Amino acid sequence: MIELKDVQKQFGRKKVLNGVSFTVEKGEISCLVGVNGVGKTTILNAIMNLTPIKKGSITIDGESITPSLYNKIAFIPDAAISLPHLTIQESMDFMNDYYDTWNPKRAKEIVKFFRLNPTDKLRDLSKGNQAKVNLLMGLALDVDYILMDEPFSGIDVFTREQITEVFSSYLVEDRGVLITTHEINDIEHLLDKVILLDEGTIYKEFNAEIMRETEGKSVIDVMREVYNG
Amino acid sequence: MTKYTKLVSLIAFGVLTLSGYTFYQQTTQAEKLSVELVSEEGEPDALDNLYFVGQVINMSANFNRGQTFEYSEGNITFIDNLPFLERVDYHFTRNMNRYTDDYRSFMRGKSRQPSNFAETEEHLVYTGMKSDVNWRVFNDNNLTISVLDKETTEEQDYEVVLNGGSNQSVTSTYVNYPSLTVVTQVLDDNILNNWFIYEFNLEEPQEELEPAVNFGSEFNTEHISFASNEDKTARFIPFRTMNVASTDEYGHADLIPGDYYAYDTQSGEIKAAPETDEDDENEYIVLSEENTLLIGRDLGDSIEWSRWDFDEESLSDIGASEMDTPTIGRGRVHYYDSLFNQGLQLIDGHLYAFEEGYSDDVSRSMNDDDYQNLDDVYHERMSRPQFQVIDMDTIDTVFSGYFTHGQEDESSNINLTLFDYGYSKFSN
Amino acid sequence: MKKNIKALLDLTTFELDRLSKFLYTLLGVTLLANLIGYIRTPMQYISRMNEFMSTQSATSQQALENFGSFSFYHAINTMWISGPIALGISGFLFYAVFIWYREWFGKNTFAYRLLMLPIPRMTLFFSKLIVIYIGIFSLIATQIISFFVGFQLVSAIMPSEWLAGTTALEAIQMNPLFMYIIPVDTLYFMVINGIGLVFIIVLFTLILMERSFALKGIVLGIIYAGAALALAVSPFFIDSILQNYYMLYASEILLIIIGIMTLIAVTSLLVSRHLLTKKITI
């Protein structure tokens, strides 16, 4: 379980997170939603120890994050993070050198699934394919938790469909997934938990399916209530 | 493993090239020069209380750092062979090294000028001005006196103001425990030289001292030259006045010896040396040790010696010594100070004469314009430090010899020079 | 432990791969410039001699007396040698900064990947440091080899009667610039490299400060660098403070300097580790 307790973060004088607490369970797909600048990416960065928090605690299965935990939790950011002059294969070899949990067999399957060519250099890839490579690097790790930041941003509709497929595939099965996205419609039906952020705090935490069934509201409806109301 | 090929080969390339270069440099350069004492007469142990720091350098190599060595108690030690930290602290004055080795804490905070130290069997006495250890102090007349009891290692310190002139520096100090006789050189406001003698009693220390002798006013000259005297327990301090023979266009005076005197540290009296004639074209030598005063008349190939009875003011002949060369012991050793008899010392009744090198080829002089010739002459003159020891009771030469580099090859141009030399009865 | 060493080795190899283009360019420029120097400088001398002989109808001997003989020292005491050295020094200084910032400001934010590697983050620090030193030493080694090849070249070009008997080694030792970069004096070389190493470690720390605290980090960095510098030079002022130039022995001052440099290096490493593990921001 990923657990955030009273997490606070400030950039300069601006308070971005003001006491954020929530959990992400294994086998669950959770989604952080909120308008731009609300601190979604900051939360993911903070979980991965890529930005220090001012106050509060973040634990993964009860442990504070240390380098060895990167074998347990993977982060797929919203930016190309492999070196452009390397080929996909070289990038995979790089991962294999450092991660005990790198699964070459699965990597091969993902390459095939996304129809990537391992000898292509990253700098020659389209934005959509670069996003796929990012996913490949995260999903081919045998980790318990996966964090994804805006996996659908700036990519074409076909790639989006392909990526959506991932969420219902064995690739995320039994893992705890935390994603942030604006394109909630595509995956709404797959979500177990929605965490709605507003003004640095959690405005609402709910199960999307129950919400739909009991109140007849989609996630977008709830967001509208919050941000327009 | 192939993954690491580039890493391994670049590291290997760097390490091998750098160590190869270092090795090559060492083997090419380490043409180890050696130094040996060649005896022409007598036993080399006659020079056991001689010490000096010298340098051998092969001038035929275009670039070659010289190798510095120390000669002390009959042994030659190359400085490069000393442990690293000792080398860092090495001072090119042998006695300073001995003092810092043996009395490290006493030496802390004290200058490293040999003239600031006087050593006796029981004591090591430091007499230095504030400005000797703090170069920001000018116009200084604050004398620090520290006395170390060698046996108990107890140190006594005194701060004394020297009246009579500012900007003083200690030339030498004589010890007749508990009395100290301090000779200072003074620059007055007109940058004129003067010399003072102060008497200080360690058992009745005073905070201020008045000069016991003011040479400038007593002899009406700014040109005084003191005998270079290793024995700091000697009763007498010989000195001479210098006369101006001519003055060059820059105002620099060409000096010739005037009258010879001695100061008695016990009575405070100054007496002129009897029978030394100012108009005599031969120079005199005045040496002192303990209660003895010797006067020598320099005749070149020989020196005529007399014993000077200070109280009776009389001279008694003791004979003439044959000198190894017409100039040995009578040249200047240190050009920067105004001492005379720099190449002659009286130690334990023996006369030690030193010459940096001698060439009897008069057709070649150092003033020659021919560069090659100059180089040769320099080489010949500088590279054969010569010593002669004479027993002054019998006026017989007991040792005569020279130092040389052990290089067989005649064509090699190796220089051997000394830059600190002296005699000491005290050893490590 | 073994895993960490392997990770360091892997990362160093990886960083070296990224450095190699830059390094090979520097090596190439050095060799090329040196080569031009080894040919041009003696050729210029020869043409000057020939011109003198023809215009003054002088003999070779007279020309030699007029211009002096040519030694390898003249061939290496030119911009063709010192230029690439200056380029190498400034190049590696630049690279020491670039090696960090490219992870954030490159086309891709590779810092994500590096910071999320399941290895102690100081491994990144050390791999970058080692790679810079490998680069510097490769350049020095190349320069040394170039001298000895260049010596043969100059000796071949120059008529032997005009050539002074200076050996390659003597020519190298005569130029004070090489005292700093070539192990002419092993001890001196170690001192220079020790100071250089501490300098780079401090520089890395400053970069990490900026990467952790942005503008505040720059201010903090300036203060840290100032304090480190003041501390490093403080032994030279001990004499003045104590008003006595002989209060400390030279060996003691040296040991104090070594101690202070070690202190600065260790402090910087600890600060860097703290910043990398706790404060760094993507």
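Reply: **From paired strands to touching chains**

In chain B, strand S14 (residues 224-227) runs parallel to S22(B), and two bridges join them. The model is a predicted one, in which local features need pLDDT of at least 70 and side-chain atom pairs count only at pLDDT 80 or more, while totals for chains, interfaces and linings use all residues. Residues are numbered from 1 along each chain as its sequence is written, and chains are lettered from A and ligands numbered from 1 in the order in which they are written.

Two strands are said to pair if DSSP finds at least two bridges between them; strands (E, at least two residues) and helices (H or I, at least four residues) are themselves DSSP runs, numbered from the N terminus.

Elsewhere in chain B, strand S7 (residues 142-149) and strand S8 (residues 155-162) pair in the antiparallel sense over seven bridges, and B:Leu143 stands opposite B:Val160 in S8(B). The two strands form a hairpin with five residues between them, and in the turn B:Thr153 has a positive phi of about 55 degrees. S8(B) also pairs with strand S12 (residues 208-209) of chain B, this time in the parallel sense over two bridges, where B:Val161 stands opposite B:Glu208 in S12(B).

Turning to domains, whose bounds come from an automatic or database domain assignment, chain B has domain 1 (56-90) and domain 2 (98-219), and their centres, taken over C-alpha atoms, are separated by 32 Å. Chain C is assigned domain 1 (1-169) and domain 2 (185-282), with C-alpha centres that lie 28 Å apart. Two residues are in contact if their C-beta atoms, placed from the backbone, lie within 7 Å, and the contact between the two domains of chain C takes eleven residues from domain 1 and eleven residues from domain 2. On the domain 1 side, helix H4 (79-105), H5 and helix H6 (122-157) of chain C each supply at least two residues, and H6(C) gives the most, with four residues. By class, this side of domain 1 of chain C has ten nonpolar, no polar and one charged residues, where Ala, Val, Leu, Ile, Met, Phe, Trp, Tyr, Cys and Pro count as nonpolar, Asp, Glu, Lys and Arg as charged, and the others, Gly among them, as polar.

Two helices of chain C also deserve a look. Helix H9 (residues 186-233) and H11(C) pack at an angle of about 25 degrees with their axes 8 Å apart, the axes being lines fitted to C-alpha atoms, for helices over the stretch in contact, and the angles running from 0 to 180 degrees between N-to-C directions. The angle therefore makes H9(C) roughly parallel to H11(C); angles under 35 degrees count as roughly parallel, over 145 as roughly antiparallel, 65 to 115 as roughly perpendicular and the rest as oblique. H9(C) passes H11(C) in a left-handed crossing, a name used if the near helix is turned anticlockwise from the far one by less than a right angle, with right-handed used if clockwise. Among the residues that meet are C:Val198, C:Phe204 and C:Leu208 in H9(C), and C:Ile264, C:Leu269 and C:Lys279 in H11(C). In this helix contact the residues divide into 17 nonpolar, five polar and one charged.

Finally, consider how the chains touch. Chains A and B do not touch, and their nearest C-alpha atoms are 11 Å apart. Of the two pairs of chains that touch, chains B and C have the most contacts, with 27 residues taken from chain B and 28 residues from chain C. Helix H1 (5-29) and helix H2 (84-89) of chain B each supply at least two residues of the chain B side, and H1(B) gives the most, with twelve residues. That side of chain B has twelve nonpolar, nine polar and six charged residues.

Chain C also touches chain A, with 19 residues of chain C in contact with 20 residues of chain A. On the chain C side, two or more residues come from each of helix H1 (2-55), helix H5 (110-115) and helix H11 (250-279), and the largest share, four residues, comes from H5(C). The residues of this side of chain C divide into ten nonpolar, three polar and six charged.
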